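I opened this notebook to keep track of what I looked up, one topic at a time. The entries below follow the order in which I went through the structure.

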Amino acid sequence: MIYICYHSLTGNTKMVAEAIAEVVDGKLYQIGKDDYDIESADLIFLGSLDLMGNMSEKAIEFSKSIPDCPTALFLTGGSVNPKYLEIVRNNIKKNFEGKRDIFDDIFICQGKMQERVLEKYEKKLAEGDQGAQARIDNYNEALSHPNEDDLMNAKEWAKNILKTK
């Protein structure tokens, strides 16, 4: 049995999980909201929001309670900066080192951020932070994500995971 499990605060990760569920014959489970019994899992898709360069604590804690089976990870976050995404991928992999079999290919797409993030960036801009305007521009770009292309890419990624399972 395949499970698509996710933790979402703003709905971004939920959108990606639902897109994956459209192409994967499995059960959708929202961490902390739905009852679950996943002891029969053969494969788990585990999704989270990017929280300071890592998965959310809820997703990390949940991962400790699931059966030891192949796990494919997906994430939504505000930044698409390649250097930052590499840090995120490395941090996520450290959560699972020696604990479970995860696929190397971690799906990450941009997603809208909470409004308090913009407020923080605007405060930094007012204080003269040289990089604040670029972060505000990125925030505004992220408002339209995940978009149809992101969801299509998530579906293709999930299909490829199934082929390599």
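I began with accessibility, where buried means under 20% relative accessible area, exposed means over 50%, and partly exposed covers what lies in between (1.4 Å probe, protein chains only). The model is predicted, and I kept in mind that local features need pLDDT of at least 70, that side-chain atom pairs count only at pLDDT 80 or more, and that totals for chains, interfaces and linings use all residues. Residues are numbered from 1 along each chain as its sequence is written, and side-chain values use heavy atoms, with hydrogens and water left out.

**Entry on salt bridges**

I took a salt bridge to be a side-chain nitrogen of Lys or Arg within 4 Å of a carboxyl oxygen of Asp or Glu, and under that rule I found four in the structure.

In helix α6 (residues 148-164), E156 and K159 sit three residues apart, about one turn of the helix, and their side chains meet in a salt bridge at 3.3 Å, N to O. I noted E156 as partly exposed at 38% relative accessible area, and K159 as partly exposed at 35%.

Helix α2 (residues 57-64) holds E61 and K64, three residues apart and so separated by about one helical turn, and I read 3.0 Å, N to O, for the salt bridge between their side chains. Here E61 is partly exposed at 42%, whereas K64 is exposed at 57%.

**Entry on cysteines**

How many disulfides does the structure hold? With a disulfide defined as a pair of cysteine sulfur atoms within 2.5 Å, I counted zero. The sulfur of C5 lies 9.0 Å from the closest cysteine sulfur, that of C69, which is too far for a bond. C109 is in no disulfide either, the nearest cysteine sulfur, in C5, being 18 Å away. I found C5 buried at 0% and C109 buried at 5%.

**Entry on aromatic rings**

Rings of Phe, Tyr and Trp (its six-membered ring) pair if their centres lie within 6.5 Å, with planes under 30 degrees apart counted as stacked, over 60 as edge-to-face and the rest as tilted. By this rule I have four aromatic pairs. One of them joins F107 and W157, a tilted pair at 5.7 Å centre to centre with 35° between the planes. Because F107 lies in strand β5 (residues 107-110) and W157 in helix α6, the pair ties together parts 50 residues apart in sequence. Ring pairs link F45, F74, F107 and W157 into a cluster.

**Entry on helix α1**

Which residues of helix α1 (residues 12-23) are buried? I listed N12, T13, V16, A17, A19 and I20.

Terms used. Helices (H or I, at least four residues) and strands (E, at least two) are DSSP runs, numbered from the N terminus.
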